[in-house]
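Here is a short briefing to read alongside the model. Take a moment with the fold, and then follow the topics below.

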Amino acid sequence: MKHLYVHIPFCHRICPYCSFHKHTPGGTDMTAFVDALLREVEKQPLQPQTIFFGGGTPTMLSDVHLERLLYGLKERVDFSQMVEFTMEANPRSVTESKAALMRAMGVTRISLGIQAWDDETLKTLGRDHARADAEETWQVLKAEGFPSLNLDLMFSIPGQSMDTWRSTLEHTIALQPDHISAYNLNYEEDTDFFRRLKAGEYREDEGRDADFFNLAIDLLEADGFEHYEISNYAKAGHRSVHNEAYWMGEDYLGIGPGAFSTVGGRRWHNVKDTPRYMAMTLAGEDTAVEVEELTPDQRRTERFGLELRTARGLPLELIAPESRKMLETLRDQGLLSYDESHLRLTRAGKPLVDPIAVALMG
């Protein structure tokens, strides 16, 4: 297995826009939680090229528990082919000692969830950090010398102005990260933001979204970032190898409560109940649920939804004969281009990636 994902579901505070499996630690026995993760990773020999710790907030683990988890992982997993080891981090959960521990244990890439640089927007997002916390954490990570640092940003947040977004982008550029992820806020079901959208407190606006999106492209590309996926920008040599594997449909194994896996055309996820996951794993039971064999049509649909988002583009061979006329129409409208092997979205087509994918699938 070339790609390993480890899910840490704990957060100090639950953000009102987040739909991932997450919760506050409560009375969770963290030692037992680490034991469960290590027990699960023992199920098969692993020689990954990438590891990605996501959440939740992986850096919310204490130094003691994080060290035990990382040491345990190195004892059970063959790191000889490793090219990228990413750890998601939250500004209020990174200390100098924790940063030093992660660097010493082979973490090569940190993805720091800033989201915004103004305190008012952070408050709207329900984040547990302020701008000052993020600034301090950034300096700690820079000082530790991680080979690659990413900053996560969000736009089209309720109350966020174009000037505020410009200021966030300009300040981010000034910090000289190696990679920037800039996500359009989505209103996911089972979140407080979704409920407020349905109640009419918030609203969606495709024109506004496009304006925010285009400003990010203008400023980031002008600073030398490659726009290699709809929401991701990298300096030379700093693309996310792990995320590119997702977008290209490669197999990956997920461990931890709620983690998804896709291996050999089969997909499943672990139970989305942390105490139950721990009890089952430590008892030697299988925690996989909703196991499905992906059909060729499902795989094709996913490829349209993911590969069309990338700079590499979608293989032209996936376009059915009956969709060729639509392909030509979209090209004539200036929304995409294509050569003998791939079709790629133009600048005008990128904000419309989802409807274009639907139109081309036929």
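An open sheet of 3 strands runs in the order E13-E15-E14, with antiparallel pairing. Strand E13 (314-315) and strand E14 (336-338) are the edge strands with a single partner strand each, so one side of each has no neighbour in the sheet. Please keep in mind that this is a predicted model.

- E13 and strand E15 (residues 342-345) run antiparallel and are joined by 2 bridges.
- Within this pairing, Pro 315 has His 342 of E15 as its bridge partner.
- Helix H12 packs on this sheet, where it touches E14 and E15. The direction of H12 makes about 120° with that of E14.
- H12 (residues 324-332) also meets helix H13 (residues 353-361): their axes come within 8 Å and cross at roughly 150°.
- On the H12 side, the contact is made by Met 326, Leu 327 and Leu 330, and on the H13 side by Ile 356, Ala 359 and Leu 360.
- What kinds of residues make up the contact of H12 with H13? They divide into 6 nonpolar, no polar and no charged.

**The sheet of 9 strands**

- A second topic is an open sheet of 9 strands, ordered E7-E8-E6-E5-E4-E3-E2-E1-E9 and with mixed pairing.
- Its edges are strand E7 (226-229) and strand E9 (253-255); each has a single partner strand, so one side of each is left without a neighbour in the sheet.
- From one strand to the next, the twist averages 20°.
- Strand E2 (residues 50-55) pairs with strand E3 (residues 84-89) in the parallel sense, over 4 bridges. In this pair, Phe 53 stands opposite Met 87 of E3.
- Helix H5 (residues 131-144) packs on the sheet and touches strand E4 (109-115) and strand E5 (148-155). The direction of H5 makes about 170° with that of E4.
- Helix H8 (residues 206-222) lies across E5, strand E6 (179-184), E7 and strand E8 (232-234). Relative to E8, helix H8 runs at about 5°.

**The annotated span**

- UniProt, in an unreviewed entry, places the feature "domain: Radical SAM core" at residues 1-226.
- In the model, residues 1-226 are 41% helix and 18% strand. The end C-alpha atoms of this span lie 29 Å apart.

- Helix H1 (residues 30-41) has 12 residues, which at 1.5 Å a residue should span 16 Å; the end C-alpha atoms are 17 Å apart, which agrees.
- Is H1 mostly covered or mostly uncovered? Mostly covered, as 9 of its 12 residues are buried.
- The buried residues of H1 include Phe 33, Leu 37, Leu 38 and Glu 40.
- These buried residues of H1 pack against strand E1 (3-8), helix H2 (63-76), E9, strand E11 (266-270) and helix H10 (274-282).

- Leu 46 is found in the loop between H1 and E2.
- With a relative accessibility of 5%, Leu 46 counts as buried, because the cut-off for buried is under 20%.
- Which residues does Leu 46 contact, once its neighbours within four places in sequence are left aside? They are Met 1, Leu 4, Val 41, Val 77, Asp 78 and Leu 253.
- Leu 46 and Val 353 are 307 residues apart in sequence, and their C-alpha atoms are 35 Å apart in space.

**Backbone points to check**

- Most residues other than glycine have a negative phi, and most peptide bonds are trans.
- The peptide bond from Gly 55 to Gly 56 is cis, with omega near 20°. Gly 56 is in the loop between E2 and H2.
- Ser 156, a residue other than glycine, has a positive phi near 65°. Ser 156 is in the loop between E5 and helix H6 (162-174), and is buried, with a relative accessible area of 3%.
- Gln 176 is not a glycine, yet has a positive phi of about 60°. Gln 176 is placed in the loop between H6 and E6.
- Is Gln 176 buried or exposed? Gln 176 is exposed, with a relative accessible area of 58%.

Definitions and conventions:
Residues are numbered from 1 along each chain as its sequence is written. This is a predicted model: local features need pLDDT of at least 70, side-chain atom pairs count only at pLDDT 80 or more; totals for chains, interfaces and linings use all residues. Side-chain values use heavy atoms; hydrogens and water are left out. Axes are lines fitted to C-alpha atoms, for helices over the stretch in contact, and angles run from 0 to 180 degrees between N-to-C directions. Contact means heavy atoms within 4.5 Å. Ala, Val, Leu, Ile, Met, Phe, Trp, Tyr, Cys and Pro count as nonpolar, Asp, Glu, Lys and Arg as charged, and the others, Gly among them, as polar. UniProt positions are given in the numbering used here, feature names are shortened, and annotations may be inferred rather than shown by experiment. Two strands pair if DSSP finds at least two bridges between them. The expected span of a helix is 1.5 Å times one less than its number of residues. Buried means under 20% relative accessible area, exposed over 50%, partly exposed in between (1.4 Å probe, protein chains only).
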